[in-house]
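Here is a colleague's note, written for someone who is new to reading structures. Please keep the sequence and the model open while you go through the numbered points.

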Amino acid sequence: MSSGEGKVVCVTGASGFIASWLVKLLLQHGYTVKASVRNPNDLKKTKHLVELDGAKERLHLFKADLMEEACFDSAINGCHGVFHVASPVFQLSNDPQAEIIEPAVKGTLNVLRSCVKAPSVKKVIITSSMAAVLINGKPLNPNVVVDETWFSDPVLCENMKIWYAASKARAEKAGWEFAKENGIELITIHPGVTLGPLLQPIMNDSVSLIMNLTNGAETFPNRVYSYHDVRDVAKAHIQAFESRSASGRYLLSGYIAHISDLLKILQQLYPSLTIPQRCENDEPLMEEYQVSDLRAKSLGISQSIPLEMSLRDTVESLKEKGLLSI
């Protein structure tokens with residue numbers, strides 16, 4: 001018997017990059033999935049979901065909007081677990097408070113309020129980010145080990161105009177406070193830059209971060225990221241849901257590298273790509289740091305897909321969808 005047979009779960013923002021893979025794996029595990037999307041009738045956004053194996057029998061689409069209170073009620077009603085993946089992921093905005101921060105915070109609280117109304121819900125998994133962990137004024141260098149006790153400072157993020165990090169930090173904080181007050185069993189998963197093949201027809205933010213640098217960019221950012229394969233990230237969500245001992249926050253350590261090193265790997269895989277050779281500033285290259293994988297390993301969560309494979313699968317997927325021509 002599959003691990004999810006007879007179990008019903010909800011996935012919010014189901015047409016997105018990580019959420020689409022989560023839906024795919026949940027269906028493979030035998031779960032019935034109630035998936036929320038902004039417009040169930042927009043085939044451009046939902047076709048890849050309804051064509052998944054098992055979707056005809058066990059996938060149900062629901063209309064929901066992060067800013068609309070009670071709109072998740074019907075999607076969450078009767079579910080054993082909820083995966084809240086939906087959140088604005090763009091970095092630039094004319095009105096970041098209204099377009100990025102508010103939807104992230106209000107959306108999280110709206111989902112959790114619907115969970116309180118559904119006595120069947122046993123566990124809620126929120127897709128957070130390393131962006132909600134790393135930006136707190138502490139220096140990052142090879143001797144530093146980042147762990148689950150680290151929290152980004154939302155005020156610092158806002159002062160630095162890192163709106164996505166501010167939104168994830170505020171949404172996580174609001175989620176923990178609400179969960180504590182209302183007795184919800186909450187878990188947060190924190191991936192970094194997520195790569196890998198796309199199920200959805202459009203390029204998502206984390207993949208475009210890398211691909212925009214192969215498109216005639218003159219400089220690369222002076223940044224170190226942790227990189228993950230979307231299939232590992234989706235699997236980690238399911239492991240956290242299925243593990244009885246899971247609780248609290250889980251950082252996914254991934255492959256930690258300067259973005260210039262990632263671009264070099266891409267160049268080796270695809271010599272015809274034009275990769276920028278200069279850094280965006282004259283400062284020394286940002287140093288790598290360590291991320292503790294002890295908590296994640298305790299659930300059996302690990303990075304099983306090599307970075308080179310992840311990058312190759314990303315590029316091949318973009319080529320197949322006509323989003324990249326090399």
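1. **The model and its overall build.** This is a predicted model, in which local features need pLDDT of at least 70 and side-chain atom pairs count only at pLDDT 80 or more, while totals for chains, interfaces and linings use all residues. Residues are numbered from 1 along each chain as its sequence is written, and side-chain values use heavy atoms, with hydrogens and water left out. The protein chain has 12 helices and 14 strands, where helices (H or I, at least four residues) and strands (E, at least two) are DSSP runs numbered from the N terminus. Its radius of gyration, taken over C-alpha atoms, is 19 Å, close to the 20 Å that the globule rule gives for 326 residues, so the chain is as compact as a globular protein of that length; the rule is 2.2 Å times the number of residues to the power 0.38. Along the principal axes, the C-alpha atoms fill a box of roughly 55 × 40 × 40 Å. Buried residues make up 55% of the 326 residues, where buried means under 20% relative accessible area, exposed over 50% and partly exposed in between, with a 1.4 Å probe and protein chains only.

2. K168 is found in helix α7, which covers residues 163-182. A salt bridge here is a side-chain nitrogen of Lys or Arg within 4 Å of a carboxyl oxygen of Asp or Glu; for charge, Lys and Arg count as positive and Asp and Glu as negative, while His and the chain ends are not counted. Leaving aside neighbours within four places in sequence, K168 is in contact (heavy atoms within 4.5 Å) with S87, T127, S128, S129 and A132.

3. **Pairs that do form.** The structure holds 12 salt bridges. One of them joins the side chains of K117 and D73, at 2.8 Å from N to O, and this pair links distant parts of the chain, with K117 in helix α5 (residues 96-117) and D73 in helix α4 (residues 73-76), 44 residues apart. In another, E158 pairs with R170, the closest N and O atoms being 2.7 Å apart; E158 lies in helix α6 (residues 154-159) and R170 in helix α7, 12 residues apart. E158 is buried, at a relative accessible area of 18%, whereas R170 counts as partly exposed at 28%. D229 and R231 also meet in a salt bridge of 2.8 Å, N to O, and both residues are buried; together with D313 they are linked in a network of salt bridges.

4. **Helix α12 and its buried face.** Helix α12 (residues 307-320) has 14 residues and reaches 20 Å from its first C-alpha to its last, close to the 20 Å expected at 1.5 Å a residue, that is, 1.5 Å times one less than its number of residues. In α12, the residues L307, S310, L311, T314, V315, S317 and L318 are buried. Seen down the axis of α12, its buried residues fall within an arc of 160°, so they line one face of the helix; the arc is that of the directions from the helix axis to the C-beta atoms. What covers these buried residues includes β8 (193-195), α8, β10 (224-229), β12 (255-258) and α10 (259-269).

5. **V207, a partner of that face.** V207 lies in helix α8 (residues 205-211) and is buried, with a relative accessible area of 0%. Not counting residues up to four places away in sequence, V207 touches F17, T194, L195, G196, L198, T314 and L318. V207 and F17 are 190 residues apart in sequence and 9.4 Å apart in space, C-alpha to C-alpha.

6. **Two backbone angles to check.** Most residues other than glycine have a negative phi. A70, which is not a glycine, has a positive phi of about 70°; A70 is found in the loop between β3 (59-63) and α4. Phi of K161 is near 60°, again a positive value in a residue other than glycine, and K161 lies in the loop between α6 and α7, where K161 is exposed, with a relative accessible area of 58%.
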